[in-house]
Amino acid sequence: MQPDTHPGTSAERAALLNQRYRHHSATAVLDRALSDAQVGKVGMVSSFGAESVVLLHMVAVVNPNTPVLFIDTQMLFEETLAYQSDVAQALGLTDVRRIRARALDVAVEDRDGTLHQRDTDACCDLRKTRPLERALSDFDAWITGRKRYQAGTRAALDFFDTDGEDRLKINPLAHWTPQDVQDYMVNNRLPRHPLVAHGYPSIGCAPCTSKVKPGEDPRAGRWRGQQKEECGIHIVDGKIVRGPQKEGKVA
């Protein structure tokens, strides 16, 4: 990180950037973030899930050469893998990087592929958090598709927040509503994840994602029956988020 271009801690930079872009639109925030020296080198992280295509489309319009990190946990739905390939090609994204856990780590920690049945936090750490941390080591900031309405842990989300002492997270869609997302998809004729039509409004790994019944929260099918709202990629004070957080502790 070059101190002459973006000095200060991530918290100081986030505060400055949130003030600077407070009244900007999602597209404007994304456009400026990709060129603002205060932000630094930026990559995007995408699950290619139910709503991912919105932000992927925005990135493709602003700069299709933006690095896109796709975490392949090797437990994803086959539909997600096919959708990832189709969307990347359709949008003209030129730098999609598939991120995976190290084979040795998987062999040692999840030899029989059942770690998710015993300890979902450990499985997420093995297959998502650590691989992503390694992939992000060369970046000063990363773009996420998080939105305030998705979970109680995201209720106070702003355009910029911290990821440790030195790195930023950029959340261009933080203030969007579910209707904003749907309208953008319709207006831009974007391809839908095939599982959405089959009752999966939020899509993660196949073993830990179930269908959502009418009237349920859209994320009710993620880790059903557990007090778990996040996979560990988005954390609070270095810990995976579980349940509502106290004010001022939102990742």
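Alanine 33 touches Val39, Val42, Phe160 and Ile170, leaving out residues up to four places away in sequence. Contact here means heavy atoms within 4.5 Å. The model is predicted: local features need pLDDT of at least 70, side-chain atom pairs count only at pLDDT 80 or more, and totals for chains, interfaces and linings use all residues. Residues are numbered from 1 along each chain as its sequence is written, and side-chain values use heavy atoms, with hydrogens and water left out.

Alanine 33 lies in helix H2 (residues 26-33). Helices (H or I, at least four residues) and strands (E, at least two) are DSSP runs, numbered from the N terminus. With a relative accessible area of 1%, alanine 33 is buried. Buried means under 20% relative accessible area, exposed over 50%, and partly exposed in between (1.4 Å probe, protein chains only). Alanine 141 is 108 residues away from alanine 33 along the chain, yet their C-alpha atoms are separated by 9.1 Å.

The chain as a whole has 8 helices and 8 strands. Of its 251 residues, 49% are buried. Among contacts with a separation of 6 or more, 66% join residues 24 or more positions apart.

In H1 (residues 10-20), Ser10, Arg13, Ala14, Leu17 and Asn18 are buried. Seen down the axis of H1, these residues fall within an arc of 130°, so they line one face of the helix. The arc is that of the directions from the helix axis to the C-beta atoms. An α-helix has 3.6 residues a turn, so residues three or four places apart point the same way. The buried residues of H1 pack against strands E5 (160-163) and E6 (167-170).

In H8 (residues 178-187), the buried residues include Val181, Tyr184 and Met185. They cover an arc of only 100° around the axis, which puts them on the same side of H8. Val186 and Asn187, on the other side of H8, are exposed. The packing partner of the buried H8 residues is H3. Just after H8, arginine 189 takes a positive phi of about 50°.

Proline 64 sits in the loop between H3 and E2. Its relative accessible area is 26%, and it is partly exposed. Apart from neighbours within four places in sequence, proline 64 is in contact with Val59, Gly92, Leu93, Thr94 and Asp95. Proline 64 and alanine 88 are 24 residues apart in sequence, and 9.7 Å apart in space, C-alpha to C-alpha.

The model holds 13 salt bridges. A salt bridge is a side-chain nitrogen of Lys or Arg within 4 Å of a carboxyl oxygen of Asp or Glu. One of them joins the side chains of glutamate 51 and lysine 147, at 3.1 Å from N to O. This pair links distant parts of the chain, 96 residues apart. Glutamate 51 lies in the loop between strand E1 (42-46) and helix H3 (52-62), and lysine 147 in the loop between strand E4 (141-143) and E5. Both glutamate 51 and lysine 147 are buried.

Arginine 98 forms a salt bridge with aspartate 72, with 3.4 Å between the closest N and O atoms. This pair too links distant parts of the chain, 26 residues apart. Arginine 98 is in strand E3 (residues 96-99), and aspartate 72 is in the loop between strand E2 (68-71) and helix H4 (78-91). Arginine 98 is partly exposed at 42% relative accessible area, whereas aspartate 72 is buried at 3%. A network of salt bridges links Asp72, Arg98 and Arg100.

A further salt bridge pairs arginine 130 with aspartate 125, the closest N and O atoms being 3.0 Å apart. Arginine 130 is partly exposed, at 26% relative accessible area. Aspartate 125 is also partly exposed, at 29%.

The count of cavities of 30 Å³ or more comes to 1. On a 1 Å grid over the protein atoms alone, a cavity is a set of points where a 1.4 Å probe fits but cannot get out; lining residues have an atom within 4 Å of a point. Grid points are joined across faces, edges and corners, and a volume is the space filled by probe spheres set on the points. The largest cavity holds about 120 Å³ of space. Its lining has 14 residues, and the closest to its centre are Cys124, Lys128, Cys205, Cys208 and Trp223. Helix H7 (residues 120-135) gives the largest share of this lining, 5 residues. The lining divides into 6 nonpolar, 5 polar and 3 charged residues. Ala, Val, Leu, Ile, Met, Phe, Trp, Tyr, Cys and Pro count as nonpolar, Asp, Glu, Lys and Arg as charged, and the others, Gly among them, as polar.

Conventions
On a 1 Å grid over the protein atoms alone, a cavity is a set of points where a 1.4 Å probe fits but cannot get out, and a pocket is an open set with protein on both sides within 12 Å along at least five of seven lines; lining residues have an atom within 4 Å of a point.
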